[in-house]
Amino acid sequence: MAFIELPIIYKSLKCVAFSLRTLREKIKKVSEQQLFKVTIDNITIEVPAGTTILNAARQIGGEVAPPAMCYYSKLQGSGGKCRTCLVEVSRGSEKDPRPMPKLVASCRTTVMDGMEVKNITSPKVIDARAGIVEFLLLNHPLDCPICDQAGECHLQDLSYEHGKEGTRYEFQKRVFKKHDLGPYIQLHMTRCILCYRCVFTADQLTDKREHGVLDRGDHSEIATFIEKNLDHDFIGNVIDVCPVGALTDKTFRFKNRVWFTKPVDAHRDCPTCSGQVQLWMRGDEVFRVTARKDEWGEVKDTTDGKPGWICNTCRFEKKHINDWVIEGPSKVNRHSVIAQGHYIGLQKPEEIMPKVMHGRAPKLLMDIHSVSEVNRTNIELSLIDGPATSKTFNHSEKTNA
Amino acid sequence: MQTLKSSPPSGDRGMQALTNRSKILERKPMTFLESIYLWNILKGMMITFSHIFKKQPTIHYPEQTRPFSPVFRGLHVLNRDEEGRERCTACGLCAVACPAEAITMEAAERLPGEENLYREEKYAARYEINMLRCIFCGLCEEACPKDAIYLSETFTPASFTRESFIYGKKDLLIPDPVTKPAEFAAAKGIKN
């Protein structure tokens with residue numbers, strides 16, 4: 001029996017191998033075919049099938065990429081909520097060259113072969129985007145002077161670049177009962193634009209999501225249903241994904257403005273996360289720790305190619321310069337306000353005083369630190385848990401006197 | 001002059017005139033009338049006495065003061081709102097706008113019960129202007145989103161020490177219009 005069956009088995013095996021090979025070739029052919037040619041703002045690019053218009057535009061880069069407030073490439077299922085990335089499709093595809101009747105959300109629309117997309121070249125898109133910004137700002141308080149996100153806020157950038165100067169809204173902005181999310185994360189619900197990024201972050205990075213969007217319509221708000229602290233190891237990343245100042249770092253709250261701190265790339269040996277972070281320093285003080293961001297304002301991949309989410313320990317607990325190995329100053333776009341006061345390529349003139357004075361120290365008429373009340377050595381603002389209050393300063397005054 | 005222009009400069013003629021506007025001085029001896037200077041003195045005195053009837057350009061400072069131009073930029077004031085709460089929220093825009101880097105501040109969060117003191121959730125616990133660095137350009141006033149800092153129509157007072165030019169909040173803050181209306185009016189320059 002066995003002797004008779006052997007050739008048959010051999011034959012059938014051969015047949016399977018052959019069919020596998022043809023299948024692989026077929027897949028290869030299909031994937032070769034499925035590079036779609038798409039033209040965005042008169043720039044043509046070839047992208048694999050299934051790519052969204054937004055990601056194709058990001059591959060081109062620069063101004064062609066539509067802004068996005070809710071889409072986050074590192075979070076699955078994000079996008080399609082804010083309508084900021086609307087584009088005009090002036091030619092559907094090679095097979096069906098009719099234009100799409102309405103503007104489409106580029107983060108949710110996949111490309112077709114021969115598609116032509118207009119972003120900044122379309123006056124319709126620019127007008128629509130100005131309208132979207134107006135909508136987003138209807139209920140968003142204009143408290144940028146107070147907000148810790150100012151200077152790195154995506155909504156601020158968006159309204160500067162795409163918005164109109166005035167608003168036509170005459171009514172009271174919505175207000176909410178304040179929720180406490182624990183010692184690390186500060187929630188300002190009035191600033192929220194309901195992008196759902198923090199919800200996806202909690203779903204995808206933590207075992208159990210404890211916060212979400214409650215209620216509907218104008219009343220919808222981010223909260224924990226029963227007052228609860230958010231304390232999962234990776235929950236701090238909601239601060240980084242928040243495009244506005246709705247979720248901010250409580251350990252950095254009101255301590256400094258972003259543009260007065262200097263971003264520095266640093267790392268540490270962390271058992272829970274990659275430990276590759278960005279420190280926001282002033283002098284030797286570490287005021288804030290965040291994940292590193294790429295050019296789209298999203299969390300950068302680490303050196304081994306994973307998204308660089310960081311853990312709460314790195315973000316909130318390690319506020320001492322000795323905890324970190326500093327790699328060097330982060331690159332900041334020179335158009336950003338954060339780049340102010342960063343003197344790159346500075347050549348310090350030679351100190352000639354000791355030479356002229358024959359080694360004697362020059363007599364200082366005034367040491368500013370002996371007079372100034374700001375930046376006193378007995379108050380380490382960066383090491384205080386929450387924001388400084390009048391107690392912090394009054395207490396130190398008493399100890400001074 | 002003609003010969004000077006046409007002929008090439010030669011060493012033996014000495015110094016040459018740079019322009020053709022030079023005048024040759026007459027060195028004739030003065031006559032008797034000229035040598036007593038009577039007419040010249042009279043001419044001079046005429047000019048002197050004519051000034052008696054002209055308008056005085058000077059004023060009697062400190063009794064009198066000159067009006068300031070409406071765009072005068074003097075000593076800084078930190079403003080309060082009509083309820084007497086501090087307007088400044090320590091947003092740092094004045095400090096980032098300051099070309100002389102004269103402004104520094106430290107912010108604090110308003111505690112419950114301090115709502116009558118500070119207008120916003122955040123306020124400047126410390127606010128300092130180094131008047132030695134300040135160039136009175138007024139960019140801080142322009143940058144302020146809260147109408148909190150103003151350059152008043154007063155000079156920075158002179159002082160003998162450098163230390164007294166570091167102005168803190170107690171030097172800059174305008175008196176409370178609710179509790180100290182008279183001092184507030186004086187600071188505003190309103191005369192009763």
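Modeller: We begin with burial: a residue is buried under 20% relative accessible area, exposed over 50% and partly exposed in between, with a 1.4 Å probe and protein chains only. In chain B, 33% of the 192 residues are buried, and in chain A buried residues make up 47% of 401. This is a predicted model in which local features need pLDDT of at least 70 and side-chain atom pairs count only at pLDDT 80 or more, while totals for chains, interfaces and linings use all residues. Residues are numbered from 1 along each chain as its sequence is written, chains are lettered from A and ligands numbered from 1 in the order in which they are written, and side-chain values use heavy atoms, with hydrogens and water left out.

Colleague: Is Gln156(A) buried or exposed?

Modeller: Gln156(A) counts as buried because its relative accessibility is 17%. The residue belongs to helix α4 of chain A, residues 154-162. Helices (H or I, at least four residues) and strands (E, at least two) are DSSP runs, numbered from the N terminus. Also buried in α4(A) are His154(A), Leu155(A) and Leu158(A).

Colleague: What does Gln156(A) touch?

Modeller: Contact means heavy atoms within 4.5 Å. Leaving aside residues up to four places away in sequence, Gln156(A) touches Cys144(A), Ala150(A) and Gly151(A). The buried residues of α4(A) pack against α3 (123-138) of chain A.

Colleague: Which domains does the assignment give for chain A?

Modeller: Domain bounds come from an automatic or database domain assignment. For chain A it gives domain 1 (35-135), domain 2 (166-249) and domain 3 (256-401). The contact between domain 2 and domain 3 of chain A takes 13 residues from domain 2 and 15 residues from domain 3. The C-alpha centres of these two domains lie 27 Å apart.
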